[in-house]
Amino acid sequence: MAEQDELLGIYAENLANLTDNVKAQINALTMFSEENASMCVALVRTFHQAMLKSAPSAVLPKWYLMDSICKNVGGAYIAEFSQFVVPLFCDTFDRRPDMRERLAKLLRLWETTGIFGAEQLKQMSAHSRAAQFSASLTGDAPAPRASAVLPPEEQQRQMRAAAAQRDQNRAAPI
């Protein structure tokens, strides 16, 4: 038991130090998770606590770590992360408008790979759409990025329309 506590301490320390999207750190923590899969429940509990304690700017790398563990190790880790992924995703999405685009991209990857259950993906997708719609009404939404699939003229038209809508929302009396 002492060895497990020591490993959990090492893991917690490394999670606390994961403050930037550094691939080498994420890979090392993913391998650590794989090598210690017998401690999956405790490692995921430690991960969850680290997410809750993280400074807002340090949350995104932990999302990328969770994604890496689920994709590269899978198994019991997916089941354990599934227990809190929806409320944690929704909370992050609400509290960090600056991360919404990257979180939405992560969600699209999960929808493509089917890592989490259909109901969980549906809940996260519905929440993100509702939050983005609400933000667009209040003018808090970032300007949409132009899609590489659309012709340049259509991209420019959409960007102008989004900017005009944002300006109109800001000018409207409350």
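Asp67 lies in helix α4, which spans residues 59–72. Helices are DSSP runs of H or I with at least four residues, numbered from the N terminus. The model is predicted: local features need pLDDT of at least 70, side-chain atom pairs count only at pLDDT 80 or more, and totals for chains, interfaces and linings use all residues. Residues are numbered from 1 along each chain as its sequence is written, and side-chain values use heavy atoms, with hydrogens and water left out.

Asp67 is buried, at 10% relative accessible area. Buried means under 20%, exposed over 50%, and partly exposed in between (1.4 Å probe, protein chains only). Beyond its neighbours within four places in sequence, Asp67 is in contact with Leu106, Trp110 and Ile115. Contact means heavy atoms within 4.5 Å.

Side chains of opposite charge can pair when their charged atoms come close. The structure holds 3 salt bridges. A salt bridge places a side-chain nitrogen of Lys or Arg within 4 Å of a carboxyl oxygen of Asp or Glu. Asp67 forms one with Lys71, with 3.2 Å between the closest N and O atoms. These two residues are 4 apart in helix α4, so about one helical turn separates Asp67 and Lys71. Lys71 is partly exposed, at 38%.

Asp91 and Arg95 also form a salt bridge, their closest N and O atoms 2.7 Å apart. Both belong to helix α6 (residues 85–95), where a spacing of 4 residues separates them by about one helical turn. Arg95 is exposed, at 63%. Asp91 is partly exposed, at 33%.

Arg96 and Asp98 meet through their side chains in a salt bridge of 2.4 Å, N to O. Arg96 is buried, at 15%. Asp98 is partly exposed, at 46%.
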